[in-house]
Amino acid sequence: MRKVQGDGPLPPPSGRMVIGERPGIEEHKAGVPFCDWAPAGGERWDRWERVGLPPRDQVYVTNLVKTFSVEPPS
């Protein structure tokens, strides 16, 4: 099973992190958390930028669970 590791600068220069529950299927395929083209990532970054927060390349992005599963988290 592929692990989706965190992505971004450490420590974040913006002092911000985005932490998701677990990767979706698109993130699993790409190996990148909150992909811009995936449903959750696209929505998140669109909203994030509209409120004036730093761009993705200045934010550390990760998930609590590093692997994709179709089963509910436990």
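This is a predicted model: local features need pLDDT of at least 70, side-chain atom pairs count only at pLDDT 80 or more; totals for chains, interfaces and linings use all residues.
User: Switching to the fold. Which elements are there, and in what order do they run?
Analyst: There are 2 helices and 2 strands. From the N terminus the order is β-α-α-β. The radius of gyration is 12 Å, close to the 11 Å from the globule rule for 74 residues, so the protein is as compact as a globular protein of that length.

User: What box do the C-alpha atoms fill?
Analyst: Roughly 35 × 25 × 20 Å, along the principal axes.

User: What share of the contacts with a separation of 6 or more joins residues 24 or more positions apart?
Analyst: That share is 74%.

User: Aromatics next. How many aromatic pairs?
Analyst: The count is 1 aromatic pair. W45 and W48 form it, edge-to-face. Their rings are 5.7 Å apart centre to centre, with 75° between the planes.

User: Where do W45 and W48 lie?
Analyst: Both are in helix α2, residues 39-50. They sit 3 residues apart, about one turn of the helix.

User: Why does W45 count as buried? What about W48?
Analyst: The cut-off is under 20% relative accessible area. W45 counts as buried because its relative accessibility is 5%. W48 is buried too, at 13%.

User: Last one, charges. How far apart are the mean positions of the positive and negative charges?
Analyst: They are 4 Å apart, for 10 positive and 10 negative charges.

How values were computed: Residues are numbered from 1 along each chain as its sequence is written. Side-chain values use heavy atoms; hydrogens and water are left out. Helices (H or I, at least four residues) and strands (E, at least two) are DSSP runs, numbered from the N terminus. The radius of gyration is taken over C-alpha atoms; the globule rule is 2.2 Å times the number of residues to the power 0.38. Contact means heavy atoms within 4.5 Å. Lys and Arg count as positive and Asp and Glu as negative; His and the chain ends are not counted. The place of a charge is taken as NZ of Lys, CZ of Arg, CG of Asp or CD of Glu. Rings of Phe, Tyr and Trp (its six-membered ring) pair if their centres lie within 6.5 Å; planes under 30 degrees apart count as stacked, over 60 as edge-to-face and the rest as tilted. Buried means under 20% relative accessible area, exposed over 50%, partly exposed in between (1.4 Å probe, protein chains only).
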